[in-house]
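Opening the notebook on a new model today. I want to go through it piece by piece and write down what I find.

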Amino acid sequence: MLLHLQELNKFFTPAKGENYAKKYLSININNKSYKQNYIEELLDNRSEYIADNYMSVPNVVSDEMYSLAEDITDGKNTDYYKARAIESFLKNSYEYDKVVPENKSGDCYIDTFLFETKKGSCMHFASAAAILARCIGIPSRVVTGFAVNY
């Protein structure tokens, strides 16, 4: 499924407390336009699932991580630009390393990555991006694996 990024951005940036897609007339998916009532029905059925599975933040996430997410995205007015700011911040501020020091503090390993070691593997970067996004209300998840071409 191909969503045009501008449409996706408008589509998933509701005001606080507003249900997804309530004020947008249509969205273009794979060059096919869908009207508002179809989108509302589709997302009303999924909004609780999205909130429960892609927006919750674990209790171990520190206040510093919430503050960092806010600082990174300050001045960005759409979820798309906020997500890009998080991506850019991680890419430019942290070092990729397959061998990461052990988390001896017992804190959340993402806290350790972001505030202490400042180096990590793919899982550290992906998990940090997902948690930072969730801290500012952007639905996110981490998916790992690879594709095999049969």
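**Entry 1: the charged pairs**

I started at glutamate 87, which is partly exposed with a relative accessible area of 44%. For the record, partly exposed lies between buried (under 20% relative accessible area) and exposed (over 50%), with a 1.4 Å probe and protein chains only. This is a predicted model, where local features need pLDDT of at least 70, side-chain atom pairs count only at pLDDT 80 or more, and totals for chains, interfaces and linings use all residues. Residues are numbered from 1 along each chain as its sequence is written, and side-chain values use heavy atoms, with hydrogens and water left out.

What does glutamate 87 form a salt bridge with? I found arginine 84, with the closest N and O atoms 2.9 Å apart. A salt bridge here is a side-chain nitrogen of Lys or Arg within 4 Å of a carboxyl oxygen of Asp or Glu. Glutamate 87 and arginine 84 are 3 residues apart in helix α4, so about one helical turn separates them. Arginine 84 also counts as partly exposed, at 44% relative accessibility.

Lysine 119 and aspartate 97 meet through their side chains at 3.7 Å, N to O. This pair links distant parts of the chain: lysine 119 sits in strand β4 and aspartate 97 in the loop between β3 (95-96) and α5, 22 residues apart. Lysine 119 is partly exposed, with a relative accessible area of 26%.

I then looked at lysine 118, in the loop between α5 and β4 (119-120). Its phi is near 55°, a positive value in a residue other than glycine. Lysine 118 is partly exposed as well, at a relative accessible area of 42%.

**Entry 2: overall layout**

I counted 6 helices and 4 strands in the protein chain. From the N terminus on, I read the order as α-β-β-α-α-α-β-α-β-α. Helices (H or I, at least four residues) and strands (E, at least two) are DSSP runs, numbered from the N terminus.

Of the 150 residues, 31% are buried. The accessible surface comes to about 10200 Å², and 50% of that belongs to carbon and sulfur atoms. Those areas come from the Shrake-Rupley method with a 1.4 Å probe; for residues, only the protein chains shown count as cover.

I also checked contacts (heavy atoms within 4.5 Å). Among those between residues at least 6 apart in sequence, 53% join residues at least 24 apart.

**Entry 3: the core**

Which residues touch the most other members of the largest nonpolar core? They are Met65, Leu90, Leu114 and Leu132, in a core of 22 residues. Helices α3, α4 (79-93), α5 (109-117) and α6 (122-135) each supply at least two residues of this core. The largest share, 6 residues, comes from α6. By a nonpolar core I mean a set of buried Ala, Val, Leu, Ile, Met, Phe, Trp, Tyr and Cys residues joined through side-chain atoms within 4.5 Å.

Leaving out residues up to four places away in sequence, I listed what leucine 132 touches: Met65, Leu68, Ala69, Ile72, Ile86, Leu90 and Leu114.

Is histidine 124 buried or exposed? I have it as buried, with a relative accessible area of 14%. Histidine 124 is found in helix α6. Its contacts, not counting residues up to four places away in sequence, are Val100, Tyr109, Ile110 and Phe113.

Tyrosine 109 belongs to helix α5 and counts as partly exposed at 38% relative accessibility. Tyr109, Met123 and Val142 make a nonpolar surface patch of about 240 Å². Patch residues have over 30% relative accessible area and no salt bridge; like charges are joined within 9 Å, nonpolar side chains (Val, Leu, Ile, Met, Phe, Trp, Tyr) within 5 Å.

**Entry 4: confidence**

I left pLDDT, the predictor's confidence in each residue from 0 to 100, for the end. The chain mean is 77, and 67% of residues reach 70 or more. Where pLDDT is low, the predicted coordinates should not be read in detail.
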